[in-house]
Amino acid sequence: MTALSSKAIIDRLAEKDPVKRLVVSPLLEPTAQIKPGQAAVDVRLGFDFCLATPSRHGSIDEFSEEKTSLTTLSALYRREFIPLGRKITIHPHQFLLAQTLEYLRLPPGLVTVLCRSPISLCHLGFERERADAAQI
Amino acid sequence: MTRLRGVVYPGHHRGPEKWLDVISGMLDTALGYLAAAGNPATLDADASKRIIDAEMLGSEAYKLLRELDGADADQIPHQIVKPFQRWVDGLGITNTIFFRADHVANYELARFYLDRSLNNLDDPAPSLTAALQAVKWPFMRLTLPSQALGMLPHFAIVGHELGHAIQDKIQLPPGSVDFAPFHAALDARYAAEGMTKSRETMFAAQAILASWAQEFVSDAVGLLVAGPAFFFALGGFFEIAGGGYGISPSHPPSELRRKLILAKLSAGSPSHCDVFEAITGLKIEEDTNSPHVALLPDDDTLFASLKVKHSAEHSAVCVAMLHVAEQVAHVLFTEAETVLNRDSAAMLYGADRLEADLNYHLKPLCELIPPIERRDGERVEATALAGNLNVGWAALLTKLDEIRAEGPPGGDPDTPKMEKLHELLLKGVELAEARMTWDECP
């Protein structure tokens, strides 16, 4: 598995065939977000945020036969919509999940991108190894 | 009031806050009256009057709070509000407005002229004066069905409601319609029914003509800003709303409205219909997306049907009005096009824009790529709401099978596909709006 260069990423973004196209949209500042030699796309914070709220729920077992219900998730998180240009304050010790501004869609043949940070599932109480960085 | 002020309104729109400001101002004024009544220096008669006035203001404020019902973010998608506001601004509507959802299939534009009474209050609180001045009156409220009742493409009907906000700019020029067929039909009906024409008959005719004209104007505006999406959405709405032939003293029949809109979509070369068929393979027919709309019967049957709900006089006028309705609509559609070309040219959704949007976005949408922006070399253009709605309808009507989404075993296979499509379109609207906002930044 190899990482795509910035030029290869740009080429895949401009792919005519939508099946093969890599989608990271909207790219508001393409030159700032895809820098030469970076082999990555910098993404921005979007509008939807989930703020973790204290609850009586314990950890969620990823492998449990019972699916995690939306009710449980809504008890764990409060959703906030913050329009472009407005701010959200993160208080000390507060944790929140944020969507990227960009809509991401990976075509067949490319694998995922994750930033280097503990993934959200860990904060839901998963007892599993922390997922580290991955690359295209 | 504290709780309502803490509510996040869809898209953080300022409209509901301004509405609450007016109500707060009324309550502050009422509290001022009560304080004056409690002042020992106030005469008993004046104190009684102040208390009664305060009670009336409080009661009125409570009624106004109820008008806000449904304006919270649970019912209207956040993402859609700012694009709707763009339509409002693009059509030159400067009135203060807010959007709210109702749990019924209903679209409505309401106007509130509160300034007329509130500006005449004695000793208004400074907060009331400020709130009244901050509003461009009449305050407007646009009601749409809650998100439980409609996928995004159905919201194309909002174009029609906003047409009502500018209907006064689009008038029937004097002498542009020959009303002789109307009078002949009305005379014949009166003679057949043994009725006598009176001044009230002609007043009723004027009122019905005015109402129908407003609907034609609003249909024209909806069509001009949303193209075929408006046709599909309106047809779908007729189906959901039911209501027989749709004809009443306030509305022309559904079948006629559908026919007139399709005629406009078929005009020009290439027309919207040509473009749509060439790209999707679907020929738009009158009953596309509205196969169950009741077709108009002969005049006698229609008259008998109308008489069940309306007076014989109104029923006779409605039936006779059908003899000139197409003429009236044709003139008004042309007038609407002229006015929008003059005042809001950027809002017109022509066949060329439809072609560009369908060509660029339809196939990618089936590959789960929302209609966010169109790239042409270095040039990038955000997809307008009208483009999103039309691509949505094209996918809904012709490509639903290609949308990859699976529901629970045994369920309707189309439901998860429609949900996925709605989700993709909503994401498209949200991010296209982000692109526009970004591009507008200095």
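Which residue of β3(A) stands opposite A:Ala52? In this predicted model, the residue facing A:Ala52 is A:Tyr77. The strand β2, which spans residues 45-52 of chain A, pairs with β3(A) in the antiparallel sense, and five bridges join the two.

The pair belongs to an open sheet of three strands in chain A, arranged in the order β3-β2-β4 with antiparallel pairing. The edge positions are taken by β3 (77-81) and β4 (96-100) of chain A; each has a single partner strand, so one side of each is left without a neighbour in the sheet. On average, and with direction ignored, neighbouring strands of this sheet are turned by 25 degrees against each other. Strands of a sheet pair through backbone hydrogen bonds, in either a parallel or an antiparallel manner.

Chain A also touches chain B, with 14 residues of chain A in contact with 20 residues of chain B. On the side of chain A, the elements that give two or more residues to this contact are β1 (23-25) and β5 (103-105). By class, the residues on this side of chain A comprise 11 nonpolar, one polar and two charged.

Chain B is divided into three parts: domain 1 covers 2-149, domain 2 covers 169-347 and domain 3 covers 351-440. The centres of domain 1 and domain 2 of chain B, taken over C-alpha atoms, are separated by 34 Å. Five residues from domain 1 of chain B and eight residues from domain 2 of chain B make the contact between these domains. The side of domain 1 of chain B that touches domain 2 of chain B has three nonpolar and two polar residues, and no charged residues.

A helix pair was also examined in chain B. Helix α8 (residues 180-193) and helix α14 (residues 312-343) of chain B have axes that come within 8 Å and cross at roughly 145 degrees. The crossing of α8(B) past α14(B) is right-handed. From α8(B), the contact is made by B:Pro181, B:Phe182, B:Ala185, B:Leu186, B:Arg189, B:Tyr190 and B:Glu193. The residues of α14(B) that take part are B:Ala312, B:Ala316, B:Val317, B:Val319, B:Ala320, B:Met321, B:His323 and B:Val324. Sorted by class, the contact of α8(B) with α14(B) has 12 nonpolar residues, one polar residue and two charged residues.

Notes. Residues numbered from 1 in each chain as written. Chains lettered and ligands numbered in written order. Predicted model: local features only at pLDDT ≥ 70, side-chain atom pairs only at ≥ 80, totals over all residues. Axes fitted to C-alpha atoms, helices over the stretch in contact; angles between N-to-C directions. Helix = DSSP H or I, 4+ residues; strand = E, 2+ residues; numbered from the N terminus. Left-handed = near helix turned anticlockwise from the far one by under 90°. Contact = placed C-beta atoms within 7 Å. Nonpolar A, V, L, I, M, F, W, Y, C, P; charged D, E, K, R; others polar. Pairing = 2+ DSSP bridges. Domains from an automatic or database assignment.
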